[in-house]
Amino acid sequence: MKTTTIQVDGLAVSSISDPMVSQPLSGATRIVLVHGAMDTGGSFSRLIDHLAGFDVVSYDRRGYGASPLTSRQPARLAEHVEDLLAILDGHCSMVLAHSLGGVIALAAVERAPQLFKGVVAYESPMPWESWWPPVPLPNDGRDPQQVLAAAERFLRRHVGDARWEALDDGRRQDLLAQGPAWAAELRDARDGGPVYLPESLEVPVLAVYGTATDDRHRQAALELARRAPNARLATIEGANHVGHRREPAKLAELLRGHIAATAVN
């Protein structure tokens with residue numbers, strides 16, 4: 001059964017309720033998914049298939065997918081945090097976040113730890129740290145052509161030139177339309193100082209990385225697990241940065257384990 005019961009102005013929200021769950025908004029069963037940069041909530045579709053028995057909420061963050069920008073500037077990182085808190089709507093939930101979505105989720109934990117049963121952060125970056133490699137942002141984020149060019153470079157690097165060229169023009173344009181949101185939030189994450197302090201996180205955190213990922217995401221997961229007071233580290237063998245797409249069953253298993261672990265604490 002699929003319903004859309006959560007409404008936040010400007011956001012496309014999908015809520016999938018399992019009819020077998022007797023208390024659909026209990027902290028033990030409600031999962032909120034937060035996607036990363038240049039992505040949408042739809043990227044979690046395969047993961048959701050492995051989450052029977054839970055109420056699962058996903059959404060397109062502001063400026064992505066079905067939550068497009070209209071006549072306003074791209075959302076700042078702080079606005080994405082506010083959006084997540086609005087999605088939680090006072091209900092203590094387990095949050096699983098991918099990549100930059102993890103930065104948003106962990107910053108929201110600092111703001112309102114009482115709303116989080118725990119967090120699973122899959123390869124959440126730390127672009128504000130001195131060891132993080134240079135971020136490929138445009139020199140002038142107000143120049144649309146620079147933003148589009150930088151966004152295309154980013155996408156080509158992640159999907160490969162051959163796959164990028166194989167996309168039809170419409171699909172390429174849809175992806176590039178997310179460039180302003182990507183550039184704005186990544187610049188905030190890089191230049192605004194630490195978006196959150198791992199040492200301040202009060203909830204159980206599972207930091208996850210795939211063994212086939214790059215060094216920067218591996219180190220970020222290790223740092224999060226080392227510095228957060230109630231954190232553990234887990235890996236997914238053979239997974240890369242899009243492990244939520246490529247290894248959804250293994251990520252779902254880690255999520256279920258984290259939920260079980262928080263239930264007995």
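## Glu152 and its partner

Glu152 counts as partly exposed because its relative accessibility is 25%, where partly exposed lies between buried (under 20% relative accessible area) and exposed (over 50%), using a 1.4 Å probe and protein chains only. Its side chain meets that of Arg156 in a salt bridge, 2.9 Å from N to O. A salt bridge here is a side-chain nitrogen of Lys or Arg within 4 Å of a carboxyl oxygen of Asp or Glu. Arg156 is partly exposed too, at 22% relative accessibility.

Both residues sit in helix H4 (residues 144-159), four residues apart, or about one turn of the helix. Helices (H or I, at least four residues) and strands (E, at least two) are DSSP runs, numbered from the N terminus. Why does that spacing matter? An α-helix has 3.6 residues a turn, so residues three or four places apart point the same way.

## Where this comes from

This is a predicted model, in which local features need pLDDT of at least 70 and side-chain atom pairs count only at pLDDT 80 or more, while totals for chains, interfaces and linings use all residues. Residues are numbered from 1 along each chain as its sequence is written, and side-chain values use heavy atoms, with hydrogens and water left out.

How many salt bridges does the structure hold? There are 18. One of them joins Arg61 and Glu185, with the closest N and O atoms 2.8 Å apart. This pair links distant parts of the chain: Arg61 is in the loop between strand E4 (55-60) and H2, Glu185 is in helix H7 (residues 179-191), and 124 residues separate them. Are these two buried or exposed? Arg61 is buried, with a relative accessible area of 1%, and Glu185 counts as buried at 0%.

Arg142 and Asp140 make another salt bridge, their closest N and O atoms being 3.3 Å apart. Here Arg142 counts as exposed at 75% relative accessibility, while Asp140 is partly exposed at 27%. Elsewhere, Glu129, Glu199, Glu223, Arg226 and Arg227 are linked in a network of salt bridges.

The expected span of a helix is 1.5 Å times one less than its number of residues. Helix H2 (residues 77-88) has twelve residues and should span 16 Å; its end C-alpha atoms are 17 Å apart, which agrees. Among its buried residues are Leu77, His80, Val81 and Leu88.

Helix H3 (residues 100-111) also has twelve residues, and it reaches 17 Å from its first C-alpha to its last, close to the expected 16 Å. Ten of its twelve residues are buried, so H3 is largely enclosed by the rest of the structure. Those buried residues include Leu100, Gly101, Ile104 and Val109.

## Two positive phi angles

Most residues other than glycine have a negative phi. Asp89, though, has a positive phi near 55 degrees. You'll find Asp89 in the loop between H2 and strand E5 (93-98), and at 53% relative accessibility it counts as exposed.

Ser99 also has a positive phi, of about 55 degrees, although it is not a glycine. Ser99 is in the loop between E5 and H3, and it is buried, with a relative accessible area of 11%.
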